[in-house]
Structure formats: structure tokens, C-alpha cells
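The following paragraphs lead the reader through one protein model, from a helix to a pocket and then to selected residues. Please keep the sequence and the structure in view while reading.

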Amino acid sequence: MSSRSKPESWRLDAASYPVCIEMQTRFQDMDINGHLNNVAFAVLFESGRVLLNRQIRPWDERPANERTMVAAVEINYLAEGNFPDPVQIATGIGRLGTSSWTIVQAMFQNGHPIATCDTVVVCRTDGQAKPLRTEMVAELEAKLVTPI
């Protein structure tokens, strides 16, 4: 467990997040102790983020001069994960800034929270941080988490 304090209770409830997908764990995701390793957690969270981003900003609708990049990722490990049980990745937007947003996620296995993840994503237009387009803000707002 992380030295961080326990996440707020709403973070540990999948119903707080607008998107929840199930992903299969893999044998190669295990560490020497037979638990999901830290890289597996990161990859599973990344897959959830990418699927959310594609819902918000379909590839064919993105302006050619607009790029997004991950600026920071923080994973809080709450419990061990196991193979072969699938995990559920719950994802939503936690914060909107002027040119960035924070994706908040939780990972569940067998109905129990095993990790949370916060990722700051920055949008750059023409190589510079500029205010998010109105359309993008509306799409991001549609995926805001609802603390329960």
C-alpha cells in the first residue's frame, strides 16, 4: 500500500465514474509472488484512459495541429491483484483546467478496489499550451465523475 492516505470513499465506488470497462489480466502480468505487477497496473490504467480519450476525441475529428500528452501519472496501490481474474477499470474526468484535464480512475477486481490512478493530460495547439476548444470542454464535461 502506498504511504498516501486512503482515497476518498467515492473513488472506491465504480458508480462514481461515467465509463467502466472490463479487461482480462494476463499470465505475463504476474510478479514473482503471483500478483499483478506494477507495470500491469499502469498498462491496464493506460488502456482505460485511451478508450476514454477516443470516446471524447475520435481520431478523425482531431485538428491536425492539436496534440495531447501525459504530464503526470500517480498510481495508488490498495490491494493485490491476481491472474486470471479480469479487472474493471472505472474512468472519468476529475478536473478541467485551461489547457489540461485530470483523468481519475479506479481498478476493481472481484468487486473490490485494488488501485486508483490520477493522470494529468495537457493539450498543445501549434506546439503551445492554449485554452481548450469549446467543443473539447463540452466533451470532457460530459465525462465528469459524479462523487457518490
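E46 lies in helix 1. Helices here are DSSP runs of H or I with at least four residues, strands are DSSP runs of E with at least two, and both are numbered from the N terminus. The model is predicted, so local features need pLDDT of at least 70 and side-chain atom pairs count only at pLDDT 80 or more, while totals for chains, interfaces and linings use all residues. Residues are numbered from 1 along each chain as its sequence is written, and side-chain values use heavy atoms, with hydrogens and water left out.

E46 counts as partly exposed because its relative accessibility is 41%. On this scale, buried means under 20% relative accessible area, exposed means over 50%, and partly exposed lies in between, with a 1.4 Å probe and protein chains only. E46 and C117 are 71 residues apart in sequence, yet their C-alpha atoms are 9.6 Å apart in space.

At the N-terminal end, N37 caps helix 1, with a side-chain oxygen 3.0 Å from the backbone nitrogen of V39.

Which residues of helix 1 are buried? They are A40, F41, L44, F45, G48, R49, L52, N53 and I56. An α-helix has 3.6 residues a turn, so residues three or four places apart point the same way. The cover over the buried residues of helix 1 includes strand 1 (19-23), strand 2 (66-77), strand 3 (87-96), strand 4 (100-109), strand 5 (112-125) and helix 2 (134-141). Contact, here and below, means heavy atoms within 4.5 Å.

Rolling a probe the size of a water molecule over the atoms shows where empty space is left. On a 1 Å grid over the protein atoms alone, a pocket is an open set of points where a 1.4 Å probe fits, with protein on both sides within 12 Å along at least five of seven lines; lining residues have an atom within 4 Å of a point. The largest pocket has a volume of about 230 Å³, where volume is the space filled by probe spheres set on the points, and points are joined across faces, edges and corners. Of its 13 lining residues, V50, N53, R62, T68 and V70 are the closest to the centre. Helix 1 and strand 2 are the elements that give two or more residues to this lining, and helix 1 gives the most, with five. By class, the lining holds six nonpolar, two polar and five charged residues. Nonpolar covers Ala, Val, Leu, Ile, Met, Phe, Trp, Tyr, Cys and Pro, charged covers Asp, Glu, Lys and Arg, and polar covers the others, Gly among them.

Attention now turns to the strands. T116 lies in strand 5 and is buried, with a relative accessible area of 5%. Beyond four places in sequence, T116 touches residues including P7, F45, E74 and Q105. T102, in strand 4, is buried at 11%. Its contacts beyond four places in sequence are G92, I93, G94, R95, D118, T119 and V120.

Towards the chain ends, S16 lies in the segment before strand 1, and I148 lies in the segment after helix 2. Is each of them buried or exposed? S16 is buried, with a relative accessible area of 1%, whereas I148 is exposed, at 59%. S16 is in contact with W10, V145, T146, P147 and I148, leaving aside neighbours within four places in sequence.

Most residues other than glycine have a negative phi, and most peptide bonds are trans. The peptide bond from F83 to P84 is cis, with omega near 10°, and P84 is in the loop between strand 2 and strand 3. N110, in the loop between strand 4 and strand 5, has a positive phi near 55° and counts as exposed at 52% relative accessibility. D126 also has a positive phi, near 55°, and belongs to the loop between strand 5 and strand 6 (128-129).

How values were computed:
Polar contact = N/O pair within 3.5 Å; in protein donor to acceptor, adjacent residues only side chain to side chain.
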